[in-house]
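Here is a short report on one protein model.

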Amino acid sequence: MEYGQFCPIAKAAEVLGEKWTILILRELLYGSNRFIDFQAAIPGISPTMLTKRLRDLEEKGVVEKQDHDYLLTQCGEDLAPLIRQYAIWGMRWAR
């Protein structure tokens with residue numbers, strides 16, 4: 001998804017706004033790093049979609065693949081406070 005804007009929020013949404021992306025990042029932050037781990041932790045995501053999202057995150061510099069492991073880059077690690085705030089907001093407002 002591209003908004004074609006230079007707004008930093010629009011640019012962030014281009015990286016994070018696709019379906020499943022936030023959940024994949026959640027799993028990476030909580031220790032999942034193998035494809036099978038993501039499949040087990042995110043019911044409903046197809047293997048094809050998971051592959052696509054992981055490749056997208058690689059292309060954008062958020063994740064790197066080493067052998068069979070997916071690891072957060074510094075760019076990805078910097079998302080940790082944002083993902084935690086998503087959780088806090090969800091617990092408070094999205095019940």
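What covers the buried residues of helix 1? The cover includes helix 2 and helix 6 (80–93). The model is predicted. Helix 1 spans residues 8–16, and its buried residues are Ala-10, Glu-14 and Leu-16.

**Helix 2 against helix 4**

Helix 2 covers residues 21–29, and helix 4 covers residues 47–59. Their axes come within 10 Å. The crossing angle is roughly 75°. Angles of 65 to 115 degrees count as roughly perpendicular, and helix 2 and helix 4 are therefore roughly perpendicular to each other. Helix 2 contributes Thr-21, Ile-24 and Leu-25 to the contact. Helix 4 contributes Leu-50, Arg-53, Leu-54 and Leu-57. By class, the contact has 5 nonpolar, 1 polar and 1 charged residues. In general, an α-helix has 3.6 residues a turn, so residues three or four places apart point the same way.

**Cysteines**

How many disulfides does a search of the whole structure find? It finds 0. A disulfide needs two cysteine sulfur atoms within 2.5 Å. The sulfur of Cys-7 has its closest cysteine sulfur in Cys-75, 17 Å away, which is too far for a bond. The table lists the accessibility of each cysteine.

| Residue | Relative accessibility | Class |
|---|---|---|
| Cys-7 | 33% | partly exposed |
| Cys-75 | 41% | partly exposed |

**The aromatic pair**

The structure holds 1 aromatic pair. Phe-38 and Tyr-70 form it, edge-to-face. The ring centres are 6.1 Å apart, with 65° between the planes. The pair links distant parts of the chain. Phe-38 sits in helix 3 (residues 35–41), and Tyr-70 sits in strand 2 (residues 69–72). The two are 32 residues apart. Are Phe-38 and Tyr-70 buried or exposed? Phe-38 is buried, and Tyr-70 is buried too.

**Lys-60**

Where is Lys-60 placed? Lys-60 lies in the loop between helix 4 and strand 1 (63–66). Its relative accessible area is 39%. Buried means under 20% and exposed means over 50%, so Lys-60 counts as partly exposed. Not counting residues up to four places away in sequence, Lys-60 touches Glu-14 and Val-15. Glu-14 is one of the buried residues of helix 1. Lys-60 and Arg-34 are 26 residues apart in sequence. In space, their C-alpha atoms are 19 Å apart.

Key
Residues are numbered from 1 along each chain as its sequence is written. This is a predicted model: local features need pLDDT of at least 70, side-chain atom pairs count only at pLDDT 80 or more; totals for chains, interfaces and linings use all residues. Side-chain values use heavy atoms; hydrogens and water are left out. Axes are lines fitted to C-alpha atoms, for helices over the stretch in contact, and angles run from 0 to 180 degrees between N-to-C directions. Helices (H or I, at least four residues) and strands (E, at least two) are DSSP runs, numbered from the N terminus. Angles under 35 degrees count as roughly parallel, over 145 as roughly antiparallel, 65 to 115 as roughly perpendicular and the rest as oblique. Contact means heavy atoms within 4.5 Å. Ala, Val, Leu, Ile, Met, Phe, Trp, Tyr, Cys and Pro count as nonpolar, Asp, Glu, Lys and Arg as charged, and the others, Gly among them, as polar. Buried means under 20% relative accessible area, exposed over 50%, partly exposed in between (1.4 Å probe, protein chains only). Rings of Phe, Tyr and Trp (its six-membered ring) pair if their centres lie within 6.5 Å; planes under 30 degrees apart count as stacked, over 60 as edge-to-face and the rest as tilted.
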